[in-house]
Amino acid sequence: MIYGLNQFSQSDHQSGFLFSLDSRVKILFVLCWSTLVVLLDTRFSLMTLFAVSCAILVFTHAGRRKLLWLAFLLAIVTWGVMFSQSLFYSHVPRTVLFAIIEPETPILGALTGGLFIYREGIEYGAVQSLRFSSMLLVGLSLCWTTDSRQMLRGM
């Protein structure tokens, strides 16, 4: 298992624009990117950041297998954030799509007050997952284009 993770975190190729950048420049870029991801809050701006993150990923020359694993990771992150936000969304107004546990359910209903899936929570989770996904793409782009010794020297 460790071999598989190690293989996923390292680059297959060693040539291209991103590979030639100094590691300090890349680290500074990731820090600036993370600041943008936190500060921007509109759907459009976060979708733009995600699109640019995807474009940056193209320059890593990642293989098909890595991209499939990455798509799997992005799907899990997106689904997990959307699902958790749909359950625990606390802002109002909120629209109940369906109940997992009805308030009238013996014991669990009384303990929880009901467990519901909220439409606004799904939407909010989708927007929040753009933050995680953008950082995942940019972070892996840094890892895939920078030797670990260069990264350590850059820090």
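The model is predicted, so local features need pLDDT of at least 70 and side-chain atom pairs count only at pLDDT 80 or more, while totals for chains, interfaces and linings use all residues. Residues are numbered from 1 along each chain as its sequence is written, and side-chain values use heavy atoms, with hydrogens and water left out.

A nonpolar core is a set of buried Ala, Val, Leu, Ile, Met, Phe, Trp, Tyr and Cys residues joined through side-chain atoms within 4.5 Å; buried means under 20% relative accessible area, exposed over 50%, and partly exposed in between (1.4 Å probe, protein chains only). The largest such core has 13 residues, and Trp-33, Leu-46, Leu-49 and Val-138 have the most contacts inside it. Helix 3 (23-39), helix 4 (43-58) and helix 7 (119-145) each supply at least two residues of this core; helices here are DSSP runs (H or I, at least four residues), as are strands (E, at least two), numbered from the N terminus. Another core, of seven residues, lies apart from it and includes Ala-62 and Trp-144.

Turning to charged side chains, the structure holds six salt bridges, each a side-chain nitrogen of Lys or Arg within 4 Å of a carboxyl oxygen of Asp or Glu. Arg-24 pairs with Asp-22, their closest N and O atoms being 2.7 Å apart; Arg-24 is exposed, at 53% relative accessible area, whereas Asp-22 is partly exposed, at 34%. Glu-123 and Arg-119 also form a salt bridge (3.0 Å, N to O). Because these two lie four residues apart in helix 7, about one helical turn separates Glu-123 and Arg-119.
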